[in-house]
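Trainee: I would like to go through the terms used for this model and see what each one rests on.

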Amino acid sequence: GYCRDKLLGLTPKDRDFVIVGANEWDIKQLILQGYQQVGADFPVFISPQGEEYALARLERKTGLGYDGFDVKTKNVTLEQDLSRRDLTINAIAFDQAKRIYIDPYNGQEDLKNKVLRHVSPAFKEDPLRVLRLARFSARYSDFKVHPDTDKMVKEMVLGGEINHLTKERVYVEFEKACTENSPSIFFKYLNDIQALKVLLPEFKCTQINQKK
């Protein structure tokens with residue numbers, strides 16, 4: 001997110017770091033320096049300053065819904081780590097030593113063309129990304145969802161993947177969406193892909209007008 005906002009000329013809210021090639025000794029050193037691990041088995045650490053440091057990782061789907069992932073951190077490259085991100089615009093890293101962007105999935109091109117595109121088929125393994133896509137549509141109202149990505153999320157909804165999302169996670173995404181630039185786009189997109197009637201059946205969405 002930091003790289004995305006920086007490239008868009010926006011002020012980034014925070015910075016997240018990816019650690020490549022770390023071993024058990026490196027992890028112990030982080031803990032000795034006051035870093036707090038998020039979860040017993042999750043390779044993410046919060047620094048004393050509140051910044052997030054995550055080991056480069058790959059995830060393999062093992063169950064339904066948002067949970068049910070097997071995480072691998074050994075011998076994972078930065079490019080492999082970026083491949084598990086949701087959208088290409090969120091799969092950009094910055095090498096502080098070399099002062100260059102690392103962009104193996106052409107996120108900068110999609111930023112330029114104002115396109116929301118999934119990085120890989122792994123997108124569909126996490127149903128929460130359907131809501132994240134809708135939320136990014138609300139944040140960047142002049143961006144368009146790529147046709148292939150649009151087709152994929154519709155298949156996810158039709159396949160029942162979003163039925164396994166917990167109410168708590170759905171609530172968090174809806175709450176965040178209401179703080180975006182154009183919340184109505186969030187609801188309209190979910191309605192267009194037939195997800196709104198699954199996630200919020202009490203909500204009747206017949207027509208939402210958008211400013212052109």
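Trainee: What share of the contacts in the protein with a separation of 6 or more comes from residues 24 or more positions apart?

Mentor: In this predicted model, such residues account for 58% of those contacts.

Trainee: Why is α5 called roughly parallel to α7?

Mentor: Helix α5 (residues 128–139) and helix α7 (residues 167–177) pack at an angle of about 5°. Angles under 35 degrees count as roughly parallel, so α5 is roughly parallel to α7. Their axes are 10 Å apart.

Trainee: Which residues in α5 meet α7?

Mentor: Leu-128, Leu-131, Arg-132 and Arg-135 do, and their partners in α7 include Glu-173 and Phe-174.

Trainee: What makes the pair Asp-81 and Arg-85 a salt bridge?

Mentor: Their closest N and O atoms are 2.5 Å apart, and the cut-off is 4 Å. Asp-81 also forms a salt bridge with Arg-84, at 3.5 Å. The structure holds 12 salt bridges.

Trainee: Why does Asp-81 count as buried, and why does Arg-85 count as partly exposed?

Mentor: Buried means under 20% relative accessible area, and partly exposed lies between that and 50%. Asp-81 is at 1%, so Asp-81 is buried. Arg-85 is at 23%, so Arg-85 is partly exposed. Arg-84, with 13%, is therefore buried.

Trainee: How much of the protein is buried?

Mentor: Buried residues make up 41% of the 212 residues.

Definitions and conventions:
Residues are numbered from 1 along each chain as its sequence is written. This is a predicted model: local features need pLDDT of at least 70, side-chain atom pairs count only at pLDDT 80 or more; totals for chains, interfaces and linings use all residues. Side-chain values use heavy atoms; hydrogens and water are left out. Axes are lines fitted to C-alpha atoms, for helices over the stretch in contact, and angles run from 0 to 180 degrees between N-to-C directions. Helices (H or I, at least four residues) and strands (E, at least two) are DSSP runs, numbered from the N terminus. Angles under 35 degrees count as roughly parallel, over 145 as roughly antiparallel, 65 to 115 as roughly perpendicular and the rest as oblique. Contact means heavy atoms within 4.5 Å. Buried means under 20% relative accessible area, exposed over 50%, partly exposed in between (1.4 Å probe, protein chains only). A salt bridge is a side-chain nitrogen of Lys or Arg within 4 Å of a carboxyl oxygen of Asp or Glu.
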